[in-house]
Amino acid sequence: MLAFVLPIIILLVVGILDKIVRMNHFQKIIAYFLTLIPFVALQGSRDITVGADTPMYWILFENTRLLSWSYLFKNFPMVKIHDVHFGQPIETGYVILNKFVSLFTDNPQVMLYVCAALICIGFYIFICSNCHSIFWGTLVFFCDGLYMNSFNTMRQVLAIAIAINAFTAFKKGKKSITILLIFLGYTIHNTSMIVVLTLIIYYFFTHVPKKWEKYFYLLAIFSPLIIEQVTFILPGYTG
């Protein structure tokens, strides 16, 4: 239990120091970035028995080392690997990432560290670009369940960590970067396409008359019903 609490305590201590010392923006970015280290270490050092999908990630990494680069690119965007993911296809981008890491090591644990680092850094970049308070944005990310869920849904969260930064690019009018980030997230896991819905909502919020904004809040109220219908139509997303 201490292993889960200690990173939060470190983040809180840095937050208190931020208030006392009154760091400038650059100092805050560096200080809070360093607080990511224990969170990356916690997720990356987990045993194969921690997380329902962790054994699959280990087997996938070991099997990916035996695949050729040509096989992976020919089977884009989904690739089937024997004895992995119950025989279901896996997004090629994630397999390519495994293949790349396997060039430097044959230890599956390293892949967990790489994914943990990419997840934390991806969301941290988004927080620094979109949150008024880096402290609160970081605290919410690690405490609202998304970080902890990544122990079981690592690919999904990794995909979103990449694609979510498309929101920042979209706000700045950088269409090519927006498309690229969503595409990269999609190659890791198609869950990242939820970001497209976020961009649509943001676009309407910033372009429709004020009197219509209240209707968008109904999405939050009816979201459980919407999710239920989506999982009925697409049962693969259930759970």
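Mentor: Helices are DSSP runs of H or I with at least four residues, numbered from the N terminus. The model here is predicted. By that numbering, Arg22 lies in the loop between helix 1 (2-21) and helix 2 (25-34).

Trainee: What makes Arg22 exposed?

Mentor: Exposed means over 50% relative accessible area. Arg22 has 70%, so it counts as exposed.

Trainee: What else is there to note about the backbone of Arg22?

Mentor: Its phi is positive, about 60 degrees, although Arg22 is not a glycine.

Trainee: Why is helix 2 called roughly antiparallel to helix 7?

Mentor: The axes of the two helices cross at roughly 155 degrees and come within 11 Å. Angles over 145 degrees count as roughly antiparallel, so helix 2 is roughly antiparallel to helix 7. The contact is made by Lys28, Ile29, Tyr32 and Phe33 of helix 2 together with Ile121, Tyr124 and Cys128 of helix 7. The crossing is right-handed.

Trainee: How do you know that helix 10 is largely enclosed by the rest of the structure?

Mentor: Buried means under 20% relative accessible area. Eight of the ten residues of helix 10 are buried, so the helix is largely enclosed. Among the buried residues are Met154, Arg155, Val157 and Leu158.

Trainee: How do you know that the span of helix 12 is close to the expected one?

Mentor: The expected span is 1.5 Å times one less than the number of residues. Helix 12 (175-188) has 14 residues, and 20 Å is expected. From first C-alpha to last, helix 12 reaches 20 Å, close to that value.

Trainee: Which residues of helix 12 are buried, and what covers them?

Mentor: Thr178, Leu181, Ile182, Gly185, Thr187 and Ile188 are buried. Their cover includes helix 10 (154-163), along with strand 2 (90-91), helix 6 (92-102), helix 11 (166-171) and helix 13 (194-207).

Trainee: What makes a set of residues a nonpolar core?

Mentor: The residues must be buried, of the listed types such as Phe and Tyr, and joined through side-chain atoms within 4.5 Å. The largest such core here has 57 residues, and Tyr94, Val95, Phe123, Phe142 and Tyr147 have the most contacts inside it. Helix 7 (108-130) gives the largest share, ten residues.

Trainee: Which residues does Phe142 touch?

Mentor: Leaving aside residues up to four places away in sequence, Phe142 touches Ile8, Leu11, Leu36, Phe39, Cys120 and Tyr147.

Trainee: Where is there a cis peptide bond?

Mentor: From Phe76 to Pro77, with omega near 10 degrees. Pro77 is in the loop between helix 5 (69-74) and strand 1 (78-79).

Notes
Residues are numbered from 1 along each chain as its sequence is written. This is a predicted model: local features need pLDDT of at least 70, side-chain atom pairs count only at pLDDT 80 or more; totals for chains, interfaces and linings use all residues. Side-chain values use heavy atoms; hydrogens and water are left out. Buried means under 20% relative accessible area, exposed over 50%, partly exposed in between (1.4 Å probe, protein chains only). Contact means heavy atoms within 4.5 Å. Axes are lines fitted to C-alpha atoms, for helices over the stretch in contact, and angles run from 0 to 180 degrees between N-to-C directions. Angles under 35 degrees count as roughly parallel, over 145 as roughly antiparallel, 65 to 115 as roughly perpendicular and the rest as oblique. A crossing is left-handed if the near helix is turned anticlockwise from the far one by less than a right angle, and right-handed if clockwise.
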